[in-house]
Amino acid sequence: MKYPEFSANMLIPKYWLTWIGFGIWWSLAQLPYSVQMWLGRRMAKLISIFGQKRISIAKRNLELCFPELDQSQQKDLLQKHINSLGMVCILGM
């Protein structure tokens, strides 16, 4: 597989936010794993606050897919999913 050649066109202001994003992700990857996990848990809290519509959809999906689980087990599974999602946001570079 041949990768595209780097050109000066990639440095125009149109792409500056992309380069800043790559720089942030690279910086996060250099942090110790325990700090990355801590940041992932904080990200999960933000997802819980700002992603209420998606969380309600996930909750309904769990009710439909796992009717044998009681309410507390479904809630625990949902929380584990949200935590995993937060960690992927930080670690999934």
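Is L85 buried, partly exposed or exposed? In this predicted model, L85 is found in helix 4, and its relative accessible area of 37% places the residue in the partly exposed class, since that class lies between the limit of under 20% for buried residues and that of over 50% for exposed ones.

Helix 4, which spans residues 71-91, was examined next in relation to helix 3, which spans residues 52-65; the axes of the two helices come within 10 Å and cross at roughly 135 degrees. Because of this angle, helix 3 is classed as oblique to helix 4, an assignment that follows from the cut-off by which only angles over 145 degrees would count as roughly antiparallel. The handedness of the crossing between helix 3 and helix 4 is right-handed. On the side of helix 3, the contact is made by I55, A58, K59, L62 and E63, and these residues meet Q71, Q74, L77, L78 and I82 of helix 4. By residue class, the contact of helix 3 with helix 4 comprises six nonpolar, two polar and two charged residues.

Two salt bridges are present in the structure. One of them joins E63 to R60, with a distance of 3.2 Å between the closest N and O atoms. Both residues belong to helix 3, where a spacing of three residues means that E63 and R60 are separated by about one helical turn. E63, which also takes part in the contact with helix 4, has a relative accessible area of 30% and is therefore partly exposed; R60 likewise counts as partly exposed, at 45% relative accessibility.

The side chains of K80 and D76 also meet in a salt bridge, for which the N to O distance is 3.6 Å. K80 and D76 both lie in helix 4, and their spacing of four residues corresponds to about one turn of the helix. For D76, the relative accessible area is 41%, so that this residue, too, is partly exposed.

Key
Residues are numbered from 1 along each chain as its sequence is written. This is a predicted model: local features need pLDDT of at least 70, side-chain atom pairs count only at pLDDT 80 or more; totals for chains, interfaces and linings use all residues. Side-chain values use heavy atoms; hydrogens and water are left out. Axes are lines fitted to C-alpha atoms, for helices over the stretch in contact, and angles run from 0 to 180 degrees between N-to-C directions. Angles under 35 degrees count as roughly parallel, over 145 as roughly antiparallel, 65 to 115 as roughly perpendicular and the rest as oblique. A crossing is left-handed if the near helix is turned anticlockwise from the far one by less than a right angle, and right-handed if clockwise. Contact means heavy atoms within 4.5 Å. Ala, Val, Leu, Ile, Met, Phe, Trp, Tyr, Cys and Pro count as nonpolar, Asp, Glu, Lys and Arg as charged, and the others, Gly among them, as polar. A salt bridge is a side-chain nitrogen of Lys or Arg within 4 Å of a carboxyl oxygen of Asp or Glu. Buried means under 20% relative accessible area, exposed over 50%, partly exposed in between (1.4 Å probe, protein chains only).
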